[in-house]
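Visitor: Please take a close look at one part of this structure for me, and go through its charged side-chain pairs with some care.

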Amino acid sequence: MSWDHQSARDGFVVPPMPTAPPPAPASPWRAVAVALLNLSGLGLGYAVVRRWGLMAVCWVATAILLLVALPADPDGVPGAAVVLYPAFLALAAAHGAFVGLRARSALLSSALVAAALGVVLLAVPASGVVLYDGARDEATERMLLDRLDRADELVERSGKQDFATAEAGYRRALASYAALSEDHPDSRAARRVPDRLETYYETVGAPYARKDYCSAVPPLKYLRTVPRTMDEEQLGDLADWPDDRLATSLYECAAASLSGGSEGWTTQFDELLSAFPRSAQARKVEPAVRNAVDEAVRSVGGDDPCAAVQRLGGLDTQVRGLSGERAGVADALGKDADRASDSARSGAYACGVDQYKDKKFSDAVTTMNDFAKNNPHHRNRARAQKIAIAAEVAQTVPAAGKRLPTTASGGSIAVTVKNDSPDEITVLYTGPVTGSFHLKACGSCTSYSLGSTLGIGFKPCSSGKNYPQRTIHLPVGTTYFVHKSRSGTGKSPASDTAKLSPGYIYTECAYTTTGFGY
């Protein structure tokens, strides 16, 4: 106190004490050190200058980044974090440099050592980036392997279904394999795709392995389209894997259908001849067709000749539809078709006989008339015409169809048939001999009323009138007659059964009656 008073008396005044220490001299190295240490993301620059709260802010920011970024995801760190965190580090470095420039108190006395340490610690974020990229790559690999596993499971499930149902699943699995190979060619998943494709082909083509050839055709045809989706280098030998199997399946399925009389074989044989014309399977097509024609020809003499004839007619049309030009079998197939056609025409006789014996008289008439028309020089033509006549008589008089007619003609008994009708008529007869002829209409004749024909003494073809007539000679025995109108009013045929005996002359009279209709 005494010193103070003396100082006041002497004219000296002591200035008041400052509220804060004066700033330290500027230290650029310290500023750099604090900035570099803050770039580590741990706020160590703030620790050097004892700014613990700011260091905690850096720890919080880094923790938030780790929470957002970990675990590593194939898509990487969200875009906002990629932008905001580096901006935060830059701000922390700049602010740290500003604070450290004139900071008095520091944990490290040497600013140069602190700067060197900051440079070393920059390896922390750098190594973190490297490690994160590695973790993200591994996450990507796991994602791709999961995608590969899902495609494998899809193939396995599809293999337990029929191809029509499974095709969509097969296509999705193939698309996954293709995407892995094209978009991630260096991944572990992509390196496993070739093995998976072998399994894929074997699963899709499994019906062939089971020798279910008809079922194998659609999936094998599908497999031939795979090179449009996958790189052929990726497929390797699999690109041609379905070809021989498809050719075999087409042949075996068609051959089975052909021998069994089923439909669809022409489409498969045609596809085989077109798609694989030089294959061993294509060379077997014509012999298979030839054998089928041979078998049908032999069947004409069997229990069901009509079915054989129908089969031959179908073979004729079907074989002509095959395109054998590329395979060089067109001429041979044409000969097979001609033989089927010729055999069908000639085999119609056996069919007609069988129909007649089975009492299918209407069918026999049509069949035998067609046979006679289509085979003008056949040795059985004359008898076919007789059978057609007998079958037509038997439609009206079933007893006439008990025996198959022969080609015999003539006899010792004269039978005159007259036409007392305004219609032109056909007279058909069968018995010991069979035949038919026509009689012109009687111009001066009219139809009889039904009532008049029931009266006592009714007698058509009365004497004194010139009727169209014809006399035929028949053997002894029963002959069945049918008179059919060729034109005019008579709609229903008339019939008569004549038991012919020697020593008599017989007359048949045809006339038309009207009553409830004609």
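Guide: D342 and R345 are three residues apart in helix α18 (residues 330–357), so about one helical turn separates them; helices here are DSSP runs of H or I with at least four residues, strands are runs of E with at least two, and both are numbered from the N terminus. An α-helix has 3.6 residues a turn, so residues three or four places apart point the same way. This is a predicted model, in which local features need pLDDT of at least 70 and side-chain atom pairs count only at pLDDT 80 or more, while totals for chains, interfaces and linings use all residues. Residues are numbered from 1 along each chain as its sequence is written, and side-chain values use heavy atoms, with hydrogens and water left out.

The side chains of D342 and R345 form a salt bridge, 2.5 Å from N to O, where the term requires a side-chain nitrogen of Lys or Arg within 4 Å of a carboxyl oxygen of Asp or Glu. D342 counts as partly exposed because its relative accessibility is 41%, and R345 is likewise partly exposed, at 32%; buried means under 20% relative accessible area, exposed over 50%, and partly exposed in between (1.4 Å probe, protein chains only).

By the salt-bridge rule, the count comes to 11. Another of these pairs is E392 with K484, at 2.3 Å from N to O; E392 lies in helix α20 (residues 381–396) and K484 in strand β6 (residues 477–485), so this pair ties together parts that are 92 residues apart in sequence.
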